[in-house]
Amino acid sequence: MLYPIQNEVRSVMELNGIWDVSIERQSVSGSNMPLTDCFKVYVPGSINDQVRDEKIRNHVGDFWYRREVYVPNYLFSQRIVLRFGSVTQRADVYVNGKQVFSHIGGFTPFEFELNKYIRVGKNELEVKVSNILDNTTLPVGYHLKTEDKEEVIPLFDFYNYCGIHRSVVLYTTNDTYIKDIDINYQIKENYAMVLPKVEIVGDYDNIIYEILDDTENVVSASDDIHNLLVDSPRLWQPMNAYLYTLRVKVFSNGRLVDIYSEKFGIRTIEIKNNQLLINGKSYYLKGFGRHEDFPVLGKGHNGAVTVLDHNLMKWMGANSYRTSHYPYAEEDLRLADEEGLLVIDEAPGVGLYSRFNFDVSKNNADNSTWSWVQTQEHHKQVIQELVTRDKNHPSVIAWAIANEPAGHHPGACEYFKPLVELTKSLDYEHRPVVVPNIVNATPELDEITKLVDIICLNRYYGWYIDHGNLNESLEKLKKEVETWHEKYPDKPIMFSEFGVDTVPGLHSLYENPYSEEYQRDYYQAYFDVFDEYSYVIGEHLWNFADFVTGRNLRRIDGNLKGIFTRDRRPKSVAYDIRKRWTSMD
Ligand code: BDP
């Protein structure tokens with residue numbers, strides 16, 4: 001799905017700002033009844049941390065958002081599209097009292113044509129937002145409902161923030177419009193052949209494709225996609241990005257009816273001899289698993305936070321991150337494209353593990369995951385939405401289609417095989433597919449790793465296993481790395497998560513868990529292991545910053561595994577890691 005842009009033909013109008021929200025539906029369309037029991041919520045932003053009332057903060061079920069939208073008469077000569085960047089977890093959209101669209105899935109955009117539902121001037125827009133998660137949704141939760149209580153118990157470790165989390169816009173196009181663009185290309189000896197696939201709706205008689213360099217010079221132009229050649233292309237390199245633009249112009253009877261500019265980078269990605277090669281050169285991934293999580297905003301997108309987080313990652317010497325555990329705002333990826341950051345782009349396939357427990361020794365009590373979850377169809381939908389949204393981003397180097405599923409429970413392979421195939425088939429580049437692995441899905445038992453391109457390990461030896469005992473746990477870590485390598489010698493291994501909860505300001509003379517010293521020792525010990533193996537191709541620390549979780553005996557004010565605090569102050573370990581990463585070639 002294309003990002004909304006404004007240009008010669010298209011216009012964009014933001015509907016962000018303060019909306020009215022209530023638990024019961026308040027408005028009757030057309031009436032001027034005063035609204036009672038409404039509270040104010042800023043969009044984009046999670047509801048939960050904008051309210052004082054705990055009942056509202058913890059409400060399970062529906063929230064009704066409402067606002068008026070004034071539509072100027074001159075827009076009506078065009079298609080008017082209403083687009084939501086994301087609504088978490090489910091949205092039912094009502095226009096002037098009538099339900100017109102629904103979308104399930106909290107982290108991808110959706111849109112629909114509005115013309116037939118609206119009039120010139122004042123219109124009423126309502127969105128029923130639900131935060132229910134169950135065994136058919138992603139993420140997965142246990143949905144418990146009795147006569148006097150409704151609850152969602154998350155099978156994952158972050159707070160189930162809800163609301164309209166990303167921008168809401170009205171944008172316009174003509175009746176003939178560019179619906180989608182796939183920018184495929186092939187790199188030859190000293191030129192690149194760009195082969196865009198453009199989907200157009202409506203009548204037209206001519207299309208012109210232009211390729212512009214980063215100073216906006218047209219380097220190639222044609223009405224035939226087979227003639228789009230870029231001589232001596234400048235490659236998009238990690239941390240040294242170079243972006244071209246594909247501009248597509250659509251004409252009808254000599255008149256320009258649509259135009260869309262999409263940036264892209266020219267580069268290759270390959271997995272070969274257990275290495276990750278970008279433009280033929282092997283790269284080591286240094287970076288983080290992250291969350292969209294910030295005080296007050298919750299999971300609401302805020303451009304200033306995106307910019308700061310990217311600046312902090314670059315300051316640390318990172319070159320990559322994973323959008324754990326769901327697709328992030330489109331603005332994040334657009335920035336990563338410009339900055340040369342490498343992104344493992346993750347679908348919200350999290351919680352696929354019956355009776356998941358932080359005490360991993362308890363995780364083997366039940367092996368029924370794949371008979372209980374009914375998420376496969378929805379999983380296909382979220383993968384499709386992820387790949388079609390993000391396919392043209394040069395920053396995206398791999399798709400993570402789930403996080404820590406029960407890869408060792410019977411049925412895991414049957415569940416994942418079609419999903420891996422689908423992901424590859426949707427992506428013209430066939431980028432690597434990964435599924436970060438949980439420690440219980442051992443090399444002997446796991447059924448998923450054979451399907452993926454990079455072995456991604458989330459490991460907590462010295463924390464959930466052998467808590468506080470680094471020496472003993474590192475022997476287990478080494479043994480495990482070697483066992484995976486023996487089983488899959490051609491696949492690279494990366495650590496997609498490892499870390500320890502650390503209370504900022506807590507110091508200890510000893511190896512005391514939760515202290516800043518323990519976090520420093522833990523990371524140093526892991527790095528010493530990684531550096532022994534040439535086939536370990538990356539380290540993503542868990543987590544970039546502390547983040548909010550549900551209430552749990554193991555969580556003191558959330559998950560404290562951040563290298564930064566939730567308000568982005570560095571813990572001591574940040575300086576060690578910065579030193580390591582900035583001195584690594
Ligand atoms: C892993 C999960 C991650 C958690 C992390 C932790 O992938 O979402 O936050 O452990 O426990 O199991 O900190």
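1. Start with Arg555. An N or O atom in the side chain of Arg555 is 3.1 Å from an oxygen atom of the ligand. That is a polar contact (a pair of N or O atoms within 3.5 Å). Asn403 has a side-chain N or O atom 2.8 Å from a ligand oxygen. For Lys561, the distance from a polar side-chain atom to an oxygen atom of the ligand is 2.6 Å.

2. The protein covers 95% of the ligand's accessible area, which is 320 Å² for the ligand on its own. Such areas come from the Shrake-Rupley method with a 1.4 Å probe.

3. A caution on the source. This is a predicted model, where local features need pLDDT of at least 70, side-chain atom pairs count only at pLDDT 80 or more, and totals for chains, interfaces and linings use all residues. Residues are numbered from 1 along each chain as its sequence is written, and side-chain values use heavy atoms, without hydrogens and water.

4. Now the largest pocket. About 980 Å³ of space lies in it. A pocket is an open set of points on a 1 Å grid over the protein atoms alone, where a 1.4 Å probe fits, with protein on both sides within 12 Å along at least five of seven lines; lining residues have an atom within 4 Å of a point. Val152, Pro154, Tyr159, Gly550 and Arg551 are closest to its centre, among 31 lining residues.

Note on methods:
Polar contact = N/O pair within 3.5 Å; in protein donor to acceptor, adjacent residues only side chain to side chain. Points joined across faces, edges and corners; volume = space filled by probe spheres on them.
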